[in-house]
Each structure stands twice: as structure tokens, then as C-alpha cells.
Amino acid sequence: QKRRVKGLLHDMMGASDGIGTSKFLHMLVLPPVDYESTVIDVDGEGDREGDDGMVEVDSNALSILQQLESILPDPIEDEEAYKSAWDVVIDLYGRESVRVREEALQRERESSGSGNSDGVCHAENLQWRTLCAIGRVLIHFDFLT
């Protein structure tokens, strides 16, 4: 697994222009937002139908995210490591917040069939998925100490 992480990190660094300016990381963590079509409803009475907040994800960026997720511990084979990484995420964001975001992500995966294979997803779900994957990789491989 260490070789896979090393290869993934090498690929990420090779794809980036430098730390903080990686276009792939920016596309995942800060997806492009169409501010002209964004509707801010102060009263909360607006409808949320249609493809509001949908962004097209670069295939290279999505590939990096999927590789990050593939090196995370399996919930069946390594249940303890899987749960401990999620426990830290829950401690950081709060149990209810994590539950709501994971449910939204699950609904998006179910509605798109095979899980964003078309490269289009909600910007908030993409950002959440990316931040969780990066955070759990850092926790699991003990990069934070």
C-alpha cells in the first residue's frame, strides 16, 4: 500500500504546477461556480429543482480522487482503521453534519447510477467527497504527526 501511496503522490505532484496552484486539486476542492445563474433565496422559498449547483469534473481530477479513495481502508477487511478515520471526520464536522452530507452524496450516487461516471456532480458533494478522502488518507497513513 505504501508503494501505491507513493505512486499516487508522485502522480499528483507531476500533474500539479506546484503546491497551492494545482489545477486538478482546485477543480476538486473548489469546483468552478457559475455565479450568473446562482440564485440566492433569502426567504428560503425558491425551488431546488433542475441541475442547480452541478459542475462538470475533469476526468484527470476525478481519476485522482478515485485513486485516493481506493487506498483508504476497506470497511470489511480493516473495519477498525475505517471507523477510526471516520471518527476523526465526525469529531471535526459533527455527527449530524457528516450524516447529512453523506446522505446527499449517496442520493447523488444513486441518481447517477454508477457513481459520477459521466463526470457531472453537485459542487458541494464533490467538495465534501474530496475533503473527506484527503482527510482520511492523511489520518490513515499518519501524515499529521
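This is a predicted model: local features need pLDDT of at least 70, side-chain atom pairs count only at pLDDT 80 or more; totals for chains, interfaces and linings use all residues.

**Nonpolar cores**
- The largest nonpolar core is made up of eight residues, namely Val55, Val57, Leu62, Leu65, Cys121, Ala123, Leu126 and Ala133.
- Helix H3 (59-70) and helix H6 (123-140) are the elements that give two or more residues to this core, and the largest share, three residues, comes from H6.
- In soluble globular proteins, nonpolar side chains tend to be buried together.

**Packing of H4 with H6**
- Helix H4 (residues 79-93) packs with H6 at an angle of about 120 degrees, their axes being 9 Å apart; the two are therefore oblique to each other, and H4 passes H6 in a right-handed crossing.
- On the H4 side the contact is made by Ala81, Ala85, Trp86, Val88, Val89 and Tyr93, and on the H6 side by Trp128, Leu131, Cys132, Arg136, Ile139 and His140.
- By class, the residues of this contact are ten nonpolar, one polar and one charged.

**Packing of H4 with H5**
- H4 also packs with helix H5 (residues 95-112), at an angle of about 110 degrees and with axes 6 Å apart, and the two are therefore roughly perpendicular to each other.
- Trp86, Val89, Ile90 and Tyr93 of H4 meet Arg95, Ser97, Val98 and Glu102 of H5 in this contact, which divides into five nonpolar, one polar and two charged residues.

Methods
Residues are numbered from 1 along each chain as its sequence is written. Side-chain values use heavy atoms; hydrogens and water are left out. A nonpolar core is a set of buried Ala, Val, Leu, Ile, Met, Phe, Trp, Tyr and Cys residues joined through side-chain atoms within 4.5 Å. Buried means under 20% relative accessible area, exposed over 50%, partly exposed in between (1.4 Å probe, protein chains only). Helices (H or I, at least four residues) and strands (E, at least two) are DSSP runs, numbered from the N terminus. Axes are lines fitted to C-alpha atoms, for helices over the stretch in contact, and angles run from 0 to 180 degrees between N-to-C directions. Angles under 35 degrees count as roughly parallel, over 145 as roughly antiparallel, 65 to 115 as roughly perpendicular and the rest as oblique. A crossing is left-handed if the near helix is turned anticlockwise from the far one by less than a right angle, and right-handed if clockwise. Contact means heavy atoms within 4.5 Å. Ala, Val, Leu, Ile, Met, Phe, Trp, Tyr, Cys and Pro count as nonpolar, Asp, Glu, Lys and Arg as charged, and the others, Gly among them, as polar.
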